[in-house]
Amino acid sequence: MSIRQRASTWVAVGILVLLLLKISGLLKPLEDGTRFVLLPAGRWLSGAGAGLRNIFLGSPEYESLKQRNQELEQRLISLAVDYVQLHSLEEENKSLTTLVKFIQDSGYDAVPARIIARNPDPLSASILLDKGARDGVETGMAVVVGQGIFVGKVTGLQERVCTVTLISDISSRVAAASINQNVLIGLVEGRGNNVARLTLVPQAVDLKPDDVIVTAGTEDKIPADLPIGLVNEVEGKPTDPFKNAWLEPLAKIERIDLVLVLRPAVLRPAE
């Protein structure tokens, strides 16, 4: 038997003996004596640690470190706020640049406006703008974002603010055309939950997925050829007089803060 094996055997025997002594209660006097000796030492060490802690907490070095830590926390908060504001300004600058380019390229007369409130009801999709009658806004005007993407029309008006009903609102109805056919082909109706549907499309109209749907221009204050969305899925049997299609909106209005209200005075400048 090797030395390692003998040592393992003695360890096992020792453990077995200790277990037997523990079970029989013969180790209790030794345990009590050890506890009697170590307990006062533990209490003394605990008290000494608390005293040292109190001394450290009351020291000028601790107060200096505490103040420095508070200063660093405030600086971190300030940097986070500055970053959020900078990011917001960058996004706003991009939106402004796109809107200005649209106005310059199209020649539309428009009122820039900021979204100041959103209706949380998924069926009643509407927004509140910070422009109203005193800014030249009228009910029925088209509201666009980005490169002239149509998102809704003005339905409520006050002196300083106006309400815009979005195309996904269940009460929204907008005359629509296909970008490939400059004629009225149906109505874009809101279905709630940011969903819109193209309805009453004659069966003879050629309509397929990914076709761009635009405004038809048959309404007094909504010009033609403003993009609305892409055809997602066409539904209807060949024997039906009409067919319908689900639309994929081109603008995510929940991510947008700036819009344009198109004035009726200049809808589509002459070529």
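This report walks through a pocket, some strand pairing and a few salt bridges in the model above.

## Ground rules

What you're looking at is a predicted model, where local features need pLDDT of at least 70, side-chain atom pairs count only at pLDDT 80 or more, and totals for chains, interfaces and linings use all residues. Residues are numbered from 1 along each chain as its sequence is written, and side-chain values use heavy atoms, with hydrogens and water left out.

## The second largest pocket

Let's start with the second largest pocket, which has a volume of about 210 Å³. A pocket here is an open set of points on a 1 Å grid over the protein atoms alone, where a 1.4 Å probe fits, with protein on both sides within 12 Å along at least five of seven lines. The volume is the space filled by probe spheres set on those points, which are joined across faces, edges and corners.

By residue type, the lining splits into 12 nonpolar, 2 polar and 2 charged.

Strands are DSSP runs of E, at least two residues long, numbered from the N terminus.

## How the strands pair up

Follow E8 onwards and you reach E11 (residues 242–249): these two pair in the antiparallel sense over 5 bridges. Two strands count as paired if DSSP finds at least two bridges between them. One spot to look at is Ala196, whose bridge partner in E11 is Leu247.

E11 also pairs with E10 (residues 227–235), again antiparallel, this time over 6 bridges. Here Glu248 of E11 stands opposite Leu230. The hairpin of E10 and E11 has 6 residues between the strands, and Gly236 takes a positive phi near 135° there. E10 pairs with E9 too, in the antiparallel sense over 3 bridges. Leu230 turns up again in that pairing, with Val212 opposite.

## Salt bridges

The count comes to 10 salt bridges, taking a side-chain nitrogen of Lys or Arg within 4 Å of a carboxyl oxygen of Asp or Glu. In one of them, Lys221 meets Glu138 with the closest N and O atoms 3.0 Å apart. This pair links distant parts of the chain, 83 residues apart: Lys221 sits in the loop between E9 (212–215) and E10, and Glu138 in the loop between E2 (126–129) and E3 (142–145). Lys221 counts as partly exposed because its relative accessible area is 24%, and Glu138 does so at 33%. The cut-offs are under 20% for buried, over 50% for exposed and partly exposed in between (1.4 Å probe, protein chains only).

Elsewhere, Glu189 and Arg191 meet at 3.2 Å, N to O. Salt bridges that share partners join Arg173, Glu189 and Arg191 into one network. Glu189 is buried, with a relative accessible area of 13%, while Arg191 at 34% is partly exposed. Lys131 and Asp130 also form a salt bridge, at 3.7 Å from N to O. Both are partly exposed: Lys131 has 22% relative accessibility and Asp130 has 28%.

How values were computed
1 Å grid on protein atoms, 1.4 Å probe; cavity = no way out; pocket = protein on both sides within 12 Å on 5 of 7 lines; lining within 4 Å. Nonpolar A, V, L, I, M, F, W, Y, C, P; charged D, E, K, R; others polar. Helix = DSSP H or I, 4+ residues; strand = E, 2+ residues; numbered from the N terminus.
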